[in-house]
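Hello,

Here is the structure I promised to pass on. Have a look at it first, and then read my notes below.

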Amino acid sequence: MSAVLEVINLKKSFGGLVVTSDVSLSMATGDRVALIGPNGAGKTTFVNLVTGALRPSSGEVRLRGETVTKVGPTGRVQRGLVRSFQVTRLFQDMTPAEHVGLAVLQRTGNSGRLFGNFLTRTEVMEEVDHLLEKLGLLPLAHRKVREIAYGQQRLLELAIALALKPSVLLLDEPAAGVPQSDTSRIEEALANLPSDLSVLMIEHDMDLVFRFARRVIVLAAGAVIFDGSPSDVTKDARVREAYLGSYAHASHVA
Ligand SMILES: Nc1ncnc2c1ncn2[C@@H]1O[C@H](COP(=O)(O)OP(=O)(O)OP(=O)(O)O)[C@@H](O)[C@H]1O
Ligand SMILES: [Mg+2]
């Protein structure tokens, strides 16, 4: 099967610091990939390069065969590449329905014209309600974001991402900052993502990684040191070594 996302020899330096060191990988339809690695390994930077938030020093990004290295973030979203952020970027005074509604309008190219009254448009609201319902957020549709729990805000981010109808979804620590008691709802939402969507998830919680991923990629000091099955990653000597310096317990990755 042809690749949905291809990253070829991607490099990025900040001054003298090499943060992305010749990274190549590809993802096919329906992939479930976990991108792991110690703090500062370059995981978020990699996502920023792939989405176009950052320009690479060299290398190439392709979406469904099209080179998008010079295409901006919005153009990549239009081509089906959508991300979520390590820390939520929601508007505190807006409601979940408004957030998801705007995302639907952005996708359909109506965001400028309809802002303000789209909540009265039936076809938009049907889609908004459907997405919020799927993520268990419908009862909160018209509350302000500041009034809902952080775990629910993270679910809302997923709803916004899905409203953009992605073919590739990059999730930067979707459960970060969420109390343990609420992570199961996020995990359930991840398990229910469309099966034809290619998902790459950055995550530190190894239990979540092992339940979610069918493939694990390990970044250390900007380079891919492992790309393979979840069962092999725990046995890999280089992976263990990379984690030893950053976690108190080497068993974290075992
Ligand atoms: N804009 C920037 N300018 C300079 N250095 C940067 C910049 N952004 C990131 N870095 C550096 O690049 C390295 C990788 O950072 P990045 O945020 O990608 O790591 P990460 O793997 O996402 O870490 P974490 O697990 O803590 O989220 C770090 O050393 C960081 O300090
Ligand atoms: Mg990060």
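Let me start with valine 218, which touches Ile36, Ala223, Val224, Ile225, Phe226, Val233, Val239 and Tyr243, leaving aside residues up to four places away in sequence (touching means heavy atoms within 4.5 Å). This is a predicted model, where local features need pLDDT of at least 70 and side-chain atom pairs count only at pLDDT 80 or more, while totals for chains, interfaces and linings use all residues. Residues are numbered from 1 along each chain as its sequence is written, chains are lettered from A and ligands numbered from 1 in the order written, and side-chain values use heavy atoms, without hydrogens and water.

Val218 and Val100 have the most contacts inside the largest nonpolar core, which has 53 residues. Such a core is a set of buried Ala, Val, Leu, Ile, Met, Phe, Trp, Tyr and Cys residues joined through side-chain atoms within 4.5 Å, buried being under 20% relative accessible area (1.4 Å probe, protein chains only). A second, separate core has 25 residues, including Leu10 and Met27.

Now to ligand 1. Of the 14 residues around it (a heavy atom within 4 Å), Gly40, Lys43, Thr44, Thr45 and Gln86 come nearest. A polar backbone atom of alanine 41 is 3.2 Å from a ligand 1 oxygen (polar contacts are N or O pairs within 3.5 Å).

Best wishes

Methods: Polar contact = N/O pair within 3.5 Å; in protein donor to acceptor, adjacent residues only side chain to side chain. Buried < 20%, exposed > 50% of the residue type's maximum accessible area, 1.4 Å probe, protein only.
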